Amino acid sequence: MSSRPVFGDFLDAARGHLGTAARLRRTAGREVDIQQVNRSLLRLVAVMHRYVQDATPGSVPGPPRGRRMLTGWARARAESREALSNAMGFLTEPDTARPQPPAAAGELAGHLDAVSAALAGGRDLLSTHLGTDPRGERELRSEWALTVTSPAVGRAVLAEMRSLARHIAPLGAGLALAPGPTGTAEARQNLNAACQWLWILNSSVNAAQRREPLRTADLELLRAIPASALPPRRLPAPAESVAGLCQGVISSAERLRHLSWASGRQPAWSPGLTVNSLRRIAATSTLTSHHCEILLRSLAARAPGNVPAGHTAGLLHAAEAAGHTRQDWIGVAHALDRVTTDTRLYLSPDADESADLALWTGRLAYANPDWALTSGPAHQPRPPGTLVPTPAGARLVVAAVHHACDTLTSLGYAQREQIRAAGAAQRILVTTRSLPGKIDIPHPFAPALPGRIQSMISACEQTGHSAEQATAHIANIAAAIRAPSRVLTAAREAANPSHSSQPSPDHTAHAHGAAESQPFAGEDPELPGPAERTLHDLGITSPELLQRGATIDRAGDQLIIDAAFGLGPSRIRPSASTLSRSADTATLVNHALASGDPRAAALLYSPRSAEPEPPQAEP
Amino acid sequence: MTPTPRTQQRLRDAAGLPAILDTAYDAFEDMLLAVRAHEDPAGGLFAAFMMAAAAAADGRDALGFAPSLPPCHSQDRPAGDDPARAGESAEASAAAAASLSRLLMARLAEARTSSSDPGDRAACADAIRCAETIHALLGGSGQ
């Protein structure tokens, strides 16, 4: 959408390195040092653990007994934390309480380190939206912060961690059980046991997804979260292309949303809160609304072939709503004509940027390539044929208008809050000159009466509501034509779950497909079981025989899982590492765990692992 | 409607700092009413009028903080709109506002020079900037 880095960039980098590591695993020989792999995997699992911690509301984990009361995603979070914590326990070398080993020398371990670095970068990106206030409490630092901390994004993070775990586990277990790599038996057992806990994470999140499917939109939203750094300010170049203008509108709208969010949070006494800024925003937002109406009518004129049938009316409804928004902004502007503030003639950054957005949308809406706010009369709208020459062009224009209208919504509500705060602080003033001459007031201004302030607040509220209506109409079009701006809808719903729409079957991520829209290159995470693998080793290629082998393996999995699950919680059983001491047993247990059956966790839970996990300090 | 010729004449005739500030204040107010009357989205000057209205209100408010501004309107302020000017085109109104803003720039510059009060000087400087903005927005409207 803009030049800002987004979370998906880091996720893709991590997946790319993990895919390379998985390919290297297939031919791993003596050059691979298991101890080195363990160290690299420890770094990786530690980063994943921090992600899951971030996605967990509150900071103190409940005891496992309490966890039995949890369901769905809350349970998956608790179990994932424990699984990663246990995996870290197996990978931590006994003599180093908090190891900081040097970077891996081997190629495979190097790629695992690169996965860790990419994931750490992604987590840093998410953290740019949050901070800590002087009292040590979490502070929101951008308009994305509520989205980043939302349950929807938390679920998407868990789904991504599951996807990673599902690919790391066979990689690590494969190395642990392969004859080629060098390493002690203990190091191999620890690596395999750690990977078994990653399969537990996979099963836990899988179970949550079956119970409460994740929406594809939430996964897309997570990927689209940008760094909180603003895109640079840019003004349209002469004869800018339609695509360039659309990108300019989007970038300006993103900047303005952030600046408006920041303005809405300034204290009532801030000298930056001036009537001049409020007026400039009202005037320029009137124009932006008007331009959006023009653009939507042009889109409607070009709808056949570019927009799915049935959405022409939606475009016209959106245009009408944009027209209402324009009229409401004019109402706000008129209300602001009659008041002033105690500080003047300072234009806030959002006031400047709102003029930029009006300019960008005007350049897109009008045929004149040099259109400006000072342009004289007789400028014609851009011909619809040049605005939307292709369906791809329609997606971009819809995205631009969607962003602009979404920003107008933010501005309307931000103005409401600013006027409310300034009014409460008696900073909204009226001139006393307009009063009848016989009323002798020695001061040129007096605080506005509450009724006037309330009517201004109502005008802004109505404007925000109108813009919201226009945005909702455009959001439907954006979803229908898969315009890139559709993540805005998911972001609003995530930040305000009461606005969420129920997921339709088309919009839920399938349990197995969730978080894997960007597949790992050339790597199938499914492990063949012992029978199927033996057939492969024999050179059998018959699909029927291989299928029979897989069926036998699945039956074996079920037998082992049923037996372990039937033991009950009080029965003393061997620990996971004891169970995996033999490579043959480890292979069977691994395959049962990889089945994704959540009951397979019974294979690993022992009295020791039922204790509360130790607290994990941030490195 | 357009800014009234009477306002322009009053501004031209104003003598002394308080009188200039008083008539300039009214001139901004008149321009505000005039451009608001023409803010028709279908009109070609919609954008310029919207922006000019904000500048007119800002200019008026700037003068409202001038210490030498009389606390009440002077008695010779025209009451209401000039019926003869109602119904004029948006282009004519823009041209009249541009002309008035140019006169404002000149008279307020005189006032700023003549005043020794920093508050008056600052108010005049701020108001001049607003008049310049209006002139830039509406000055080329006939083109």
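**Interface and cavities in a predicted model**

User: What makes the residues of chain A and chain B count as a contact, and how many are there?

Analyst: Contact means heavy atoms within 4.5 Å, and by that rule 36 residues come from chain A and 36 residues from chain B. This is a predicted model, in which local features need pLDDT of at least 70 and side-chain atom pairs count only at pLDDT 80 or more, while totals for chains, interfaces and linings use all residues. Residues are numbered from 1 along each chain as its sequence is written, and side-chain values use heavy atoms, with hydrogens and water left out.

User: Why is the pair A:Arg279 and B:Asp58 called a salt bridge?

Analyst: The term requires a side-chain nitrogen of Lys or Arg within 4 Å of a carboxyl oxygen of Asp or Glu; the closest N and O atoms of A:Arg279 and B:Asp58 are 2.6 Å apart, so the pair qualifies. The count between chain A and chain B is 4 salt bridges.

User: How do you know what area is buried between chain A and chain B?

Analyst: Buried area is the accessible area (1.4 Å probe) that two parts lose on being put together, summed over both. For chain A and chain B this comes to about 2,800 Å², with carbon and sulfur atoms giving 60%.

User: What makes A:Asp350 the charged part of the lining of the largest cavity?

Analyst: Asp, Glu, Lys and Arg count as charged, and A:Asp350 is among the lining residues, so A:Asp350 belongs to that class. The lining divides into 3 nonpolar, 6 polar and 1 charged.

Notes. Chains are lettered from A and ligands numbered from 1 in the order in which they are written. On a 1 Å grid over the protein atoms alone, a cavity is a set of points where a 1.4 Å probe fits but cannot get out, and a pocket is an open set with protein on both sides within 12 Å along at least five of seven lines; lining residues have an atom within 4 Å of a point.
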